[in-house]
Amino acid sequence: MIHDLLLACRSHNPEQLGIKAFNETTVIDQFIHPCEREIFMDIIKIIKVYQEVEQFTNSSGRKSDTPDEIPGINGSLHRLHGYYMLNLAKGIELALEDYYAEIDRLEKYCLGNERNSLSYVYNALYAKFPLLVFIRNLITEICVLKLRGCVLLHNLHQQIMKPVKNAFFSSLAHWLLFGVIDDVHSEFFIKFNPTDAVDGGSFSKSATGSLLSAEKNPEDYIWQYELNMSQLPGFLSIVFAEKVLFVGQTVLVFKMGRNVKVKNKTNPLAAKLAELDSDDIYELWSGKESEFFKMVVDLSNEDTINVFRLEKVINDIKNYVSGRLSEIAVNEVDLVRQMGLIKDFFLLGRGEFYLEFCSQMVGTMETYREERFKNVTRSFELAATITGISDDLEKFSLICQRSTAEPDDTSDFNFLQGLSLKYEYEWPLNLLFSPTTIERYNNIFRFLLIIRTYQYEIQRVWAKQTWRAKIARDAPSNNKIITLRNYLMFFLNNMQYYIQVDVLENQFGILMKVIKSKSDFEVIQRAHTVFLANVLSHCFLLNESENQLNVTGSQNRNPIYGTLLKLLGICEKFTHMTQTKDPSDDLEDEVDQLNESFGVQIASLIQLLVDVKSASSLGPLSQLLLRLDFNCWFSASHNTSA
């Protein structure tokens, strides 16, 4: 009888037939003394707890690419799966080894002794009961919270953690040293998130799927790796996760190699093989990958996860990788010159080029919209040829995109906001110029180009009026048009000077100082991010969405930006009404209306700038406010309308 009870202690039967045989028959009344029946039922309770634990390990311990429905403690079904759940089952089995050893000892003891006692068996099993209860409570928590992946590490005890910890450090080593994540179930805190669907469903999340994505878009696919915050263990910080992500992305950049631009023109199979070439990775590690791998292995062999040692190892690897990347970027790729080109074309640093471009482009403004989309790129190329900077412009190309406006809408603003620059950066600057970064540069580019274009057009209004005055000396001059033109030109000139001198020159100088100091690449990357954020903020574009500039920007969360768009709209209306072949008879009334609208909007802009200046200590903003409302000219003249 006692031997049958001990066999039930190791029963793997999910139906719990052994316990049911005891409970559903009269065996307890016939063979168990009344004084021992309560002890016998306590042993049955211990066996039930064990079998619940064993049922969980048997269900989650099977390797499968599809989710398994695992019965919970209360009979509910939970869909838990993955590599980490498999290792959790192994960890639970390791924790139960002492329990199994005690059952074996009891079996040998009972077989070797004729007189056995249930009290002795109960006392031996009860010593292991707290472990079984702890594991059952852990399983209950996992099922209720639906935990999976490396986030399990935060909830595991030392006895159960080791297999899960080994899986975690294995994934960490593969990502840090080889840039590989074979994570079909998204259990690691870094995941591959393809921008376009790849055939094969979850196959796209694996390392092979990322190669397919790299073949389609080799420059940008490293940015499809991102943090999976739901799988970040609680004892690790976001800063730590970002460092790990940076190291892996750097390895991917080196795996792509120096000839990444040629891959689109070669055989796809050859492109994949080129990505797996170890020469570029060896250039990164220089034989130190074994040393770093040993550091990760040593962390894995420790009984517990030492967070301080883990962060130190990651910092050591990150500092080495960042230093190597900085050495290549600054010395070989000449990052200083590349940033100079960014400033010249994205930030309109080449004033003579964009003056010629406006001259070429405005000449085509009166043609049909479809023709303008064809001619503007030609204007861009002609301007480069005339100014003699075609060689510097070889990495830049102008792209025209159709806006969401109506097909018959010939607004110059809608046309200009459809322009963007494409920049072909050199390897390994992939880590510096992400697609999001390029789009932010394009937001600044479009904003500056709109200001520069209206500046040029209003200068043409002055030129045409001066030319007409010389031809027809007796014709009276329209003082209202001249006055409004002066106001608009004053506004545009001050906005351009504020952005180009007070903002861009200042912030760009700070960035170049960091680059020339030959800091590690992460410092350069951080300084570049701060540079872009400051420029967007000072240009009132920070709260704008990452899409193109919106002509209905008055609804934007940034009221200053919305007011600026209204003022630019006034500039556009003014240039159209003053440069038409057949001006309307009520031209003076229209000019009066524009003049009144300009007064209201400029007063509103000044008041908003005063409010922002009062709430912060932005130096450039103070300079803009001083120049724009010098001697309180606009605020005093239009205070009743503001």
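## F490 and its contacts

Leaving aside neighbours within four places in sequence, F490 is in contact with R627, L628 and F634, where contact means heavy atoms within 4.5 Å. The C-alpha atoms of F490 and R627 are separated by 9.6 Å, although these residues are 137 residues apart along the chain. F490 belongs to helix α21; helices (H or I, at least four residues) and strands (E, at least two) are DSSP runs, numbered from the N terminus. With a relative accessible area of 31%, F490 is partly exposed. Buried means under 20% relative accessible area, exposed over 50%, and partly exposed in between (1.4 Å probe, protein chains only).

## Basis of the model

This is a predicted model, in which local features need pLDDT of at least 70 and side-chain atom pairs count only at pLDDT 80 or more, while totals for chains, interfaces and linings use all residues. Residues are numbered from 1 along each chain as its sequence is written, and side-chain values use heavy atoms, with hydrogens and water left out.

## Overall chain

The protein chain has 26 helices and 6 strands. Of its 642 residues, 49% are buried. Among contacts with a separation of 6 or more, 75% join residues 24 or more positions apart.

## Nonpolar core

The largest nonpolar core has 183 residues, and F189 and F491 have the most contacts inside it. Helix α21 (residues 479–516) gives the most to this core, with 15 residues. Such a core is a set of buried Ala, Val, Leu, Ile, Met, Phe, Trp, Tyr and Cys residues joined through side-chain atoms within 4.5 Å.

Not counting residues up to four places away in sequence, F189 touches residues including C150, F168, L172, L232, P233, F240 and V244. E226, N228 and Q231 are also among the residues that F189 touches.

## Largest pocket

The largest pocket has a volume of about 790 Å³. Its lining comprises 23 residues, of which W223, E242, Q249, Q525 and T529 lie nearest the centre. A pocket is an open set of points on a 1 Å grid over the protein atoms alone where a 1.4 Å probe fits, with protein on both sides within 12 Å along at least five of seven lines; lining residues have an atom within 4 Å of a point. Grid points are joined across faces, edges and corners, and the volume is the space filled by probe spheres set on the points.

At least two lining residues come from each of β4 (225–227), α11 (238–256), α20 (435–471) and α22 (521–538). Domain 2 (162–194 + 220–263 + 278–329) and domain 3 (335–544 + 557–639) each supply at least three; the domain bounds come from an automatic or database domain assignment. By class, the lining has 10 nonpolar, 7 polar and 6 charged residues. Ala, Val, Leu, Ile, Met, Phe, Trp, Tyr, Cys and Pro count as nonpolar, Asp, Glu, Lys and Arg as charged, and the others, Gly among them, as polar.

## Two buried helix residues

V247 lies in helix α11 and counts as buried because its relative accessibility is 0%. Beyond four places in sequence, V247 touches L176, I317, K318 and V321.

E102 lies in helix α6 (residues 97–112). E102 counts as buried at 14% relative accessibility, and touches A124 and K128, not counting residues up to four places away in sequence.

## Positive phi in loops

Most residues other than glycine have a negative phi. K146, not a glycine, has a positive phi of about 55° and lies in the loop between α8 (129–145) and α9 (158–178). K146 is exposed, with a relative accessible area of 63%.

D334 has a positive phi near 60°. D334 is in the loop between α15 (307–332) and α16 (335–345), and counts as partly exposed at 34% relative accessibility.
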